[in-house]
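Here are my notes on this one, in numbered points. Keep the viewer open while you read.

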Amino acid sequence: RTRFSNESSVVLSIICNEIISQCADHTMNRALAAKKKIIQVAHLHADGVEKLPLYPLISTLPTFRETAERLSKAASDKKIADDLAAARSQAEKDFRKKHNVKVPKRKKVAVADTTDGSAASAAEPEIASEEAVDSKTSFKFYVHLVCKELVRQNEAYKTIRVSTEIRSYLSDMLVEFIERIAPLVQLVADTM
């Protein structure tokens, strides 16, 4: 059994509280800037996150890093697709103008619903893999309380709601942070 001072757990809880406060505050600011009412994970990874004082502590967490890479790749893919669509559209316009081609207007066609279950079956493995990663330890309620306190303190956040996705995400980040700190605490206790 390893003993450590009572102040250590208090300091750890203060740091965890500050991490959640800074992340939630930044996320709420970004949601307001985007004119959204519900904060999402993408708002946390928006511009300016690297200016948070505790950014060095969270930037190396696996969940944060993977999500940042995924969102960055999705943004670059979207930009490439938009640029390609714009270039194609412009090329078609130029071709029609140069060769005096008239294109008849198309009627809008209703898209049939797919009821074969292919879309549902494709989404099921993702849900199952997320449940497998989820541990018994969760700070979702704690994250929600911190967010409620921020909303209570700042009048600008009164219209903001907290999504369950961001609660789970910040909770997972806290678990990873504590998992990173625990071996260091053990090492310090052993050497003392």
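Which residue forms a salt bridge with Glu92? Point 3 has the reply.

1. Ground rules. This is a predicted model, with local features needing pLDDT of at least 70, side-chain atom pairs counted only at pLDDT 80 or more, and totals for chains, interfaces and linings using all residues. Numbering starts from 1 along each chain as its sequence is written, and side-chain values use heavy atoms, leaving out hydrogens and water.

2. Overall layout. The chain has 7 helices and 2 strands; helices (H or I, at least four residues) and strands (E, at least two) are DSSP runs, numbered from the N terminus. Reading from the N terminus, the order is α-β-α-α-α-α-α-β-α. Of the 192 residues in the chain, 22% are buried, where buried means under 20% relative accessible area, exposed over 50%, and partly exposed in between (1.4 Å probe, protein chains only). Take the contacts between residues at least 6 apart in sequence: 74% of them join residues at least 24 apart, a contact being heavy atoms within 4.5 Å. The accessible surface comes to about 14400 Å², and carbon and sulfur atoms own 57% of that. Those areas come from the Shrake-Rupley method with a 1.4 Å probe, and for residues only the protein chains shown count as cover.

3. Glu92 pairs with Arg96, with the closest N and O atoms 3.7 Å apart. That passes the rule used here, namely a side-chain nitrogen of Lys or Arg within 4 Å of a carboxyl oxygen of Asp or Glu. Arg96 and Glu92 are 4 residues apart in helix H4, which puts about one helical turn between them. Both side chains belong to partly exposed residues, Arg96 at 31% relative accessibility and Glu92 at 34%. Have a look at Arg88 too: salt bridges with shared partners link Arg88, Glu92 and Arg96 into one network.

4. How many salt bridges does the rule give? The count is 6. Among them is Asp77 with Lys73, where the closest N and O atoms are 3.0 Å apart. Asp77 and Lys73 both sit in helix H4 (residues 62-99), 4 residues apart, or about one turn of the helix. Asp77 is partly exposed at 36% relative accessible area, while Lys73 is exposed at 52%. Lys78 and Asp82 make another, at 3.0 Å from N to O. Again in helix H4, Lys78 and Asp82 are 4 residues apart, so about one helical turn separates them. Lys78 is exposed with a relative accessible area of 52%, and Asp82 is partly exposed with 40%.

5. Aromatic pairs. A pair of aromatic rings is described by the distance of the centres and the angle of the planes. The cut-offs: rings of Phe, Tyr and Trp (its six-membered ring) pair if their centres lie within 6.5 Å, with planes under 30 degrees apart counted as stacked, over 60 as edge-to-face and the rest as tilted. The structure holds 2 such pairs. Tyr55 and Phe64 are edge-to-face because their ring centres are 5.9 Å apart and their planes stand at 75°. Is Phe64 buried or exposed? Phe64 is buried, at 3% relative accessible area, whereas Tyr55 is partly exposed at 22%. Phe139 and Tyr142 are also edge-to-face, with centres 6.4 Å apart and planes at 70°. Phe139 is partly exposed at 24% relative accessible area, and Tyr142 is partly exposed at 27%.

6. A nonpolar surface patch. Phe95, Val101 and Val103 make up a nonpolar patch with about 260 Å² of accessible area together. Patches are built from residues with over 30% relative accessible area and no salt bridge, joining like charges within 9 Å and nonpolar side chains (Val, Leu, Ile, Met, Phe, Trp, Tyr) within 5 Å. Phe95 belongs to helix H4 and is partly exposed at 48% relative accessibility.

7. Where does Lys35 lie? Lys35 is in the loop between helix H1 (6-33) and strand E1 (38-39). Phi of Lys35 is near 60°, a positive value in a residue other than glycine. Lys35 is also exposed, with 74% relative accessible area.
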